[in-house]
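User: I am new to protein structures. Please take me through this one in short steps.

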Amino acid sequence: MVWVSYDGDNIGRLAGSARLSNDIVQLRKVNDLINAGNRVFQSFVDSILGAEVGEIGGDEGCFSIPPDRLVELPIIAEKYYKITGCTVTIGVGLDISQSSKALLIGKVNGKANLTIWQPEMEDKIREIAEHPISEIQKQNEQYLGADDTDYLHKAADP
C-alpha cells in the first residue's frame with residue numbers, strides 16, 4: 001500500500017473570503033463544494049478493497065491504496081475539479097509522512113499536480129521549515145485573493 005495526501009487548491013481561500021465578506025450564502029456554497037470534493041476521494045477509497053482512510057476533513061485528506069491504483073489519481077483529480085471548480089494537489093509516499101511532504105512540495109511547486117515522494121525532497125522540506133512565512137502572509141494567502149490585498153493595507157491604517 002502507498003499513502004496519498006490531497007489538498008484542494010484555493011478552495012479554503014474562497015471560504016475565508018466569504019467569511020470576511022460576511023456572506024453566509026457563499027460560505028454555504030463553498031462548504032457544499034468542499035464536501036462534494038471530499039466525497040470524490042471517499043468514493044474512490046471505498047471502491048478499493050483494502051484501502052484505508054486516514055482522515056478526510058476540510059478540503060484535505062489522506063488515505064492508503066494499492067500502488068497499481070495510482071494511475072487513477074489524475075482521473076480523480078479531474079472529477080474533483082469538475083465538481084468544485086478548484087484544482088487539487090496530491091502527494092504520494094510509502095507512509096503518511098512521505099505523502100504529506102510530497103503534498104507540501106507539490107504546493108510549493110505550483111499546486112494542481114501529483115508529486116511522488118523522493119528522498120532528495122527532504123532538503124527542500126528543511127529549507128521551508130527554516131524560512132517559514134509570517135502569520136500575516138499566511139492569513140493573506142489563506143483568506144485574501146490577489147485582488148483583495150488592499151484589505152490588509154486598509155485594516156493596518158488607523
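**Strands, rings and helices**

User: How many bridges join strand E1 to strand E3?
Analyst: E1 and E3 (residues 60-65) run antiparallel. Strands (E, at least two residues) and helices (H or I, at least four) are DSSP runs, numbered from the N terminus. Two strands pair if DSSP finds at least two bridges between them. The number of bridges joining E1 to E3 is six.

User: What kind of model is this?
Analyst: Residues are numbered from 1 along each chain as its sequence is written, and side-chain values use heavy atoms, leaving out hydrogens and water. Local features need pLDDT of at least 70, side-chain atom pairs count only at pLDDT 80 or more, totals for chains, interfaces and linings use all residues, and the model itself is predicted.

User: Which residue in E3 does Tyr6 stand opposite?
Analyst: Tyr6 lies in strand E1 (residues 2-8). E1 is joined to E3. In E3, Tyr6 stands opposite Gly61.

User: In what order do the strands form the sheet?
Analyst: The sheet is open and has five strands with mixed pairing. E2 (52-57) and E5 stand at the edges, each with a single partner strand, so one side of each has no neighbour in the sheet. Neighbouring strands are turned by 15 degrees against each other on average, direction ignored. The order is E2-E3-E1-E4-E5.

User: What is the bridge partner of Asp7 in E4?
Analyst: E1 and E4 pair in the antiparallel sense over six bridges. The partner of Asp7 in E4 is Thr89.

User: Which handedness does the crossover from E4 to E5 have?
Analyst: E4 and E5 (residues 114-116) run parallel, joined by three bridges. The chain gets from E4 to E5 through helix H4 (residues 96-108). A crossover is right-handed if, with the strands pointing away from the viewer, the path from the first strand over the helix to the second runs clockwise. This β-α-β crossover is left-handed.

User: How many residues of strand E4 are buried?
Analyst: Buried means under 20% relative accessible area, exposed over 50%, partly exposed in between (1.4 Å probe, protein chains only). Val88, Ile90 and Val92 cover one side of E4, and Thr89, Gly91 and Gly93 the other. Of the six residues in E4 (residues 88-93), the number buried is six.

User: What kind of pair do the rings of Tyr6 and Phe41 form?
Analyst: Rings of Phe, Tyr and Trp (its six-membered ring) pair if their centres lie within 6.5 Å; planes under 30 degrees apart count as stacked, over 60 as edge-to-face and the rest as tilted. There are five aromatic pairs in the structure. Here the centres are 3.8 Å apart and the planes at 10 degrees, so the pair is stacked.

User: How far apart in sequence are the parts that this pair ties together?
Analyst: Tyr6 is in E1 and Phe41 is in helix H2 (residues 24-46), so the pair ties together parts that are apart by 35 residues.
The relative accessible area of Tyr6 is 0%, and Phe41 is buried too, at 0%. The separation in sequence is 35 residues.

User: What kind of pair do Phe41 and Tyr80 form?
Analyst: The ring centres of Phe41 and Tyr80 are 5.8 Å apart and the planes stand at 55 degrees, so the pair is tilted. Phe41 in H2 and Tyr80 in helix H3 (residues 73-84) are 39 residues apart. The kind of pair is tilted.

User: How are H4 and H5 set to each other? What is the term?
Analyst: H4 and H5 (residues 121-130) pack at about 70 degrees, with axes 10 Å apart. Axes are lines fitted to C-alpha atoms, for helices over the stretch in contact, and angles run from 0 to 180 degrees between N-to-C directions. Angles under 35 degrees count as roughly parallel, over 145 as roughly antiparallel, 65 to 115 as roughly perpendicular and the rest as oblique. H4 and H5 are therefore roughly perpendicular.
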